[in-house]
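Please look over the structure below before reading on.

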Amino acid sequence: DSSNYKSYSSTKRKLYFLNFIQILTLIILLQLTSRSEPNPDPSIKKISKVNLLLPICQRANCNEVYAKLVAYNGCYEWKTEDPSLIQIQPIQRPDDGRNCYSEAYVYTKAKSTKDITYVTAKDKKTNEYFKCKVGFGEVSKISIEKNFDTINVGDIFELHVLAHDDRGNIFSSLEGWKFNWKIIKGHNNAQLIKLTDHGKVEIGTKREKIEKDGGNSDIMLIKGSQTGKIIVSVEILEDDLKSKVTSDKRELYIVEPFKIIPDKELYIIPNAQYNFDLMYTHSKRIIPKSEHKYFEWSVSDENCGKIRNFGNFQSKNIGCTVKVIAKDTRLEQFNTDEVIVHVLFPNSIDIGYMEINENDKKIIEKIQMENNQLGNFNLSPTFKLVEGKHYVFKNFLMYDDQPVYYNYNTVNFNFDLSSLNNYVYRNKINLIYVKCNNNED
């Protein structure tokens with residue numbers, strides 16, 4: 001049919017176009033990623049930035065803003081076309097050669113937004129050079145960079161100040177200026193940490209000096225302490241700008257991720273009860289019942305089962321699958337977990353056995369309370385026992401090859417012990433403890 005053929009061709013062209021756009025986007029992303037690589041290909045000579053926008057200050061006693069430039073894979077010297085606008089402070093790295101400077105701080109002396117100049121990095125061996133265009137502007141507002149909304153308890157993140165000109169352009173650096181950081185809401189949920197106090201964060205020399213003098217720079221660290229919402233604010237302290245530029249604030253959410261235990265799919269018989277636990281994933285700590293008041297339990301289908309406080313699940317007399325959901329009500333939009341429960345009518349019985357220490361009551365109690373998870377039990381139609389060893393036998397209700405959970409004190413089994421004449425045994429509900437007296441199978 002020709003109409004179908006045209007429709008198919010049109011669809012095919014659209015798919016080709018979409019695939020082309022996806023591939024093109026991937027290439028661009030890869031190129032952007034490669035530009036941000038701290039250590040590019042050793043065979044490539046380049047400069048870290050080809051454009052800088054630096055803020056100016058009208059007063060003579062303003063602190064200078066420093067921006068770092070890096071030139072790669074060569075022996076470089078740095079120059080500026082107009083020293084009245086830009087000053088350069090070369091930095092020699094340990095792996096630089098003699099009289100070679102792979103990095104440089106540039107700082108502005110400009111007083112007008114109309115000024116433009118260039119910084120040049122020249123390879124002294126090959127005479128290759130790379131230029132960075134430097135423009136200037138006045139700060140009209142500041143903001144806290146919004147690259148994340150949540151912080152896990154115990155994790156540390158960097159907070160950065162961004163400065164904007166009246167056209168919305170973002171300045172390349174604010175290193176050298178002083179700021180005031182505060183937590184204005186949720187003081188118990190997080191703490192601010194200076195870069196120098198952390199020790200593992202790369203810090204510029206100007207920021208380090210500001211912090212050692214008791215001030216705060218344009219970068220601050222924040223550490224999550226406990227679940228809750230916080231508000232962080234920042235204001236600029238430079239004399240020429242403090243009265244002109246308003247402070248900024250933003251909300252952050254401190255989250256302590258948790259998971260439902262067990263954290264895998266559960267298989268359970270109808271009309272059975274199961275008690276779920278909760279565990280904080282960062283500390284691996286089981287959440288005590290006293291903290292369960294913060295958590296709300298629910299199921300996706302109450303025709304399959306119901307769940308009460310403290311994770312007490314009750315399956316109904318029907319075969320079905322249901323989601324069990326737990327939410328941290330303090331920040332439920334960020335902190336939830338769920339597991340799948342299959343309610344199944346078992347179709348067979350199997351017996352598992354494992355070797356134990358006769359006197360190790362803890363292991364026996366653990367086996368009793370393990371909620372019928374397989375553990376180290378060996379499911380086998382025949383049992384090979386070693387003389388003098390102790391074993392525990394346990395019944396498993398099965399759905400095909402899957403053990404199904406049951407409440408051990410509500411399901412009773414009858415053991416046929418006629419074949420155990422050569423063994424000493426004790427019965428405890430659905431467990432049998434056996435000591436082997438000879439080496440018969």
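1. K45 is partly exposed, at a relative accessible area of 26%; partly exposed is the range between buried, under 20% relative accessible area, and exposed, over 50% (1.4 Å probe, protein chains only). D123 is buried, at 1%. The two form a salt bridge in which the closest N and O atoms are 2.8 Å apart; the term stands for a side-chain nitrogen of Lys or Arg within 4 Å of a carboxyl oxygen of Asp or Glu.

2. Residues are numbered from 1 along each chain as its sequence is written, and side-chain values use heavy atoms, with hydrogens and water left out.

3. R93 and E103 also meet through their side chains in a salt bridge, at 3.6 Å from N to O. R93 sits in the loop between β5 (86–91) and β6 (103–108), and E103 sits in strand β6, 10 residues apart. R93 is partly exposed at 37% relative accessibility, whereas E103 is buried at 11%.

4. Where does the salt bridge partner of D218 lie? The partner is R207, in helix α3 (205–212), while D218 is in the loop between α3 and β14 (219–224), 11 residues apart. The closest N and O atoms of this pair are 2.7 Å apart. D218 is buried, with a relative accessible area of 4%, and R207 counts as buried at 13%. Elsewhere, salt bridges that share partners join K68, R93 and E103 into one network. The whole structure holds 16 salt bridges.

5. The protein has four helices and 32 strands; these are DSSP runs numbered from the N terminus, helices being H or I of at least four residues and strands E of at least two. Of its 441 residues, 41% are buried. Among contacts (heavy atoms within 4.5 Å) with a separation of 6 or more, 65% are between residues 24 or more positions apart.

6. The largest nonpolar core has 29 residues, and those touching the most other members are I268, F276, L278, W297, F313, V324 and V341. Such a core is a set of buried Ala, Val, Leu, Ile, Met, Phe, Trp, Tyr and Cys residues joined through side-chain atoms within 4.5 Å. Elements giving two or more residues to this core include β17 (258–261), β22 (295–299) and β26 (336–343). Its largest share, four residues, comes from β25. Beyond neighbours within four places in sequence, V324 is in contact with residues including I260, W297, F313 and V341. Another core, of 28 residues, lies apart from this one, with I142, V153, M220 and V232 among its members.

7. The mean pLDDT (the predictor's confidence in each residue, from 0 to 100) is 81, and 76% of the residues reach 70 or more. Residues 20–37 have a pLDDT below 50, and this stretch has three contacts in the model beyond near neighbours in sequence. Residues 369–375 are also below 50, with 15 such contacts. Where pLDDT is low, the predicted coordinates should not be read in detail.

Key: This is a predicted model: local features need pLDDT of at least 70, side-chain atom pairs count only at pLDDT 80 or more; totals for chains, interfaces and linings use all residues.
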